[in-house]
Amino acid sequence: MSFDHVGQAGEPILAVSGLEKSYGDKIALNGIDVEARPGQVVALLGPNGAGKTTFASIVAGLVKPDAGTVLVGGVDALRHPHSVRPLIGLAPQTTGVYEVLTVRENLTFFGELAGIRGATLRQRIDDVSASLLLEDLSSRPCQQLSGGEKRRVHMAVALMGRPRLLLLDEPTVGADILTRTALLEVVTQLAGEGTAVVYSTHYLPEIESLNAFVVLLDHGNVIAQGPVQELVARHGLAALELRFDGPVPDLSLEGLSITRQGELIRIVTPDLALAAARVFEVLGGDAQRLRSLDVIHPSLESVFLALTGRRYDPDEEDQRVGPS
Amino acid sequence: MSVRRSVAITRNEVRVLRRDPSPLIFVLAVPILVTYILRDGIGAILQVQGYHGVSGADFAVPAEAVTFIFFIPAFIGFSFFREHGWATWDRLRASSATSSEILIGKVLPMCILGVIQLGVVFLVGVGLGLHVRGSTVGVALVAASLVLCVGTLGLATIAVFKTMGQVNAFGNVGSVALAGLGGALMPLAVLPGWVHRIAPATPQYWAMRGFNSLILDGDRLRAALLPAGVLTAFAAGFTLIALWRLRFSDTKRSWA
């Protein structure tokens, strides 16, 4: 059986419903529903603080939610966390490897924890190492590896149990181009083999390249979900953004949707070229105060803009109370 | 409960220990060295106390073994806290291993280290003049309850402390202070009266009381029962503290 990444095959491996979690008075998740089916890449997308890490931590059994249900392979993961753990592979956001042990020793340990032994374990280590370009590094202690190499070991650990549900929390953070490419290829390959992948990230281009089913999070709420193309087609309008020195001029352009925020004018339009021509026509002397002109093409970024009224800023929330 | 997973965790601990064997060297070599240095002086003190025909090693061997075995709770603490430093703790928790499998897998190798330490120090001690006059089974019984006490104190350590610095301070300063108060650095008879009064509050006192009865006084197995019982009671108390305070979801601060 082959699977596309958006994925429709089979019953959901992960079915999350009404998930809520707060840290003090900060709401991390506000009653969200998410499903992941075999072969599907579900991308949790949102800026820092959107609730992505909290979501992955709850599904992995590391954090208890305030409300909601989590079914993994049809089993209640909150009541029977140990029953579902063999189905889950987790690569948390922070790189977690035994620094003094070699790559092979790290993989051996987590393979043994997953219940694999002997020749099967050796074969699994070889397979996982090959897919993540770790073969030549296997006898090196992790503390001697580069950040990108360590990141690949971190990911490899999550694959040792051949999970049906793979939770990847910001897998490419701090990764070099080689690592990023290898990780994305592995995700694509695993989805093709039927693994459900929940991939949380704040990098929009990765999601577009994975052609994933997107769950767009903002402040703990799902603001939209669907395949990338569908979301872009539904919400992703093109826009022009003009930034001025001083107060914005009072532009009046019939038929165009114009919003003003401080020194910024945003013009949402399906025809960028025509809108730009009309803007410069009416700017007159104010054109000299124009500091920048940004063109926003229809994309996940413009979807976020359309749904929240804010430009997508991956780092917009750095002050976090708990896992985000 | 899977024995295989606990064994896998134990094996991993041994791999880490092999990369940095300093704890092993510390608890094995240092007590032997200190015994060698102190045995003549201790022998003289024992003579003054009225012990005749005994060697200084008869006190110094168990005393140094007891003093240094109490560094093991800190090693247990380090083995948990470094998981936080390496960010492997959440991976371990998210694995198929249950909490008890993780605890057993990580504490067991340190308990085995305790057994090895006592065995090696006592065996080398024989070469330095140690002679057990009383029940050797009694010595083994006190030793076993001592290892149990040390292992559970390690669990209480990881439950109570939040930072590697706290574990380090408790492990170094605390264990030496308790050894002094418990009569494991010097025979209690030469220490001030107030130390005699508080000494029974330390597990070191009961371990030394048991070993002294069996080795120096030549008592029978019966003399081991009370010290072994009290050490086991300490172990039960430490286990209760661990059960009360230990939360796997707690964040611990490593050196990093």
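Modeller: Buried residues make up 54% of the 324 residues in chain A, where buried means under 20% relative accessible area, exposed over 50% and partly exposed in between, with a 1.4 Å probe and protein chains only. This is a predicted model, in which local features need pLDDT of at least 70 and side-chain atom pairs count only at pLDDT 80 or more, while totals for chains, interfaces and linings use all residues. Residues are numbered from 1 along each chain as its sequence is written, chains are lettered from A and ligands numbered from 1 in the order in which they are written, and side-chain values use heavy atoms, with hydrogens and water left out.

Biologist: Why is Cys149(B) called buried?

Modeller: Cys149(B) has a relative accessible area of 0%, and the cut-off for buried is under 20%, so the word applies. Cys142(A) is called buried because its relative accessible area is 0%.

Biologist: How do you know that Cys149(B) is in no disulfide?

Modeller: A disulfide is a pair of cysteine sulfur atoms within 2.5 Å, whereas the nearest cysteine sulfur to that of Cys149(B), belonging to Cys111(B), is 11 Å away. By this rule the count over all chains comes to 0 disulfides.

Biologist: What makes a group of residues a nonpolar core?

Modeller: The members must be buried Ala, Val, Leu, Ile, Met, Phe, Trp, Tyr and Cys residues, joined through side-chain atoms within 4.5 Å. The largest such core has 129 residues, and those with the most contacts inside it include Leu132(A), Ile207(A), Phe122(B) and Phe211(B). Its largest share, 12 residues, comes from helix α7 (residues 136–160) of chain B, where helices (H or I, at least four residues) and strands (E, at least two) are DSSP runs numbered from the N terminus. A second, separate core of 33 residues includes Leu29(A), Val42(A), Phe55(A) and Leu90(A).

Biologist: Which residues does Ile207(A) touch?

Modeller: Contact means heavy atoms within 4.5 Å, and, leaving aside residues up to four places away in sequence, Ile207(A) touches Ala43(A), Leu45(A), Tyr199(A), Thr201(A), Ala212(A), Val214(A), Val228(A) and Leu300(A).

Biologist: Why is one space called a cavity and another a pocket?

Modeller: On a 1 Å grid over the protein atoms alone, a cavity is a set of points where a 1.4 Å probe fits but cannot get out, whereas a pocket is an open set with protein on both sides within 12 Å along at least five of seven lines; lining residues have an atom within 4 Å of a point. The largest pocket has a volume of about 1,200 Å³, and of its 41 lining residues the closest to its centre are Leu62(A), Val63(A), Asp90(B), Arg93(B) and Ser249(B).

Biologist: How many charged residues are in the lining of the second largest cavity?

Modeller: Ala, Val, Leu, Ile, Met, Phe, Trp, Tyr, Cys and Pro count as nonpolar, Asp, Glu, Lys and Arg as charged, and the others, Gly among them, as polar. By class, that lining has 5 nonpolar, 2 polar and no charged residues, and among its members are Phe70(B), Ser175(B) and Gln204(B). The largest cavity has 5 nonpolar, 1 polar and 3 charged lining residues, including Asp250(B) and Lys252(B).

Notes. Points joined across faces, edges and corners; volume = space filled by probe spheres on them.
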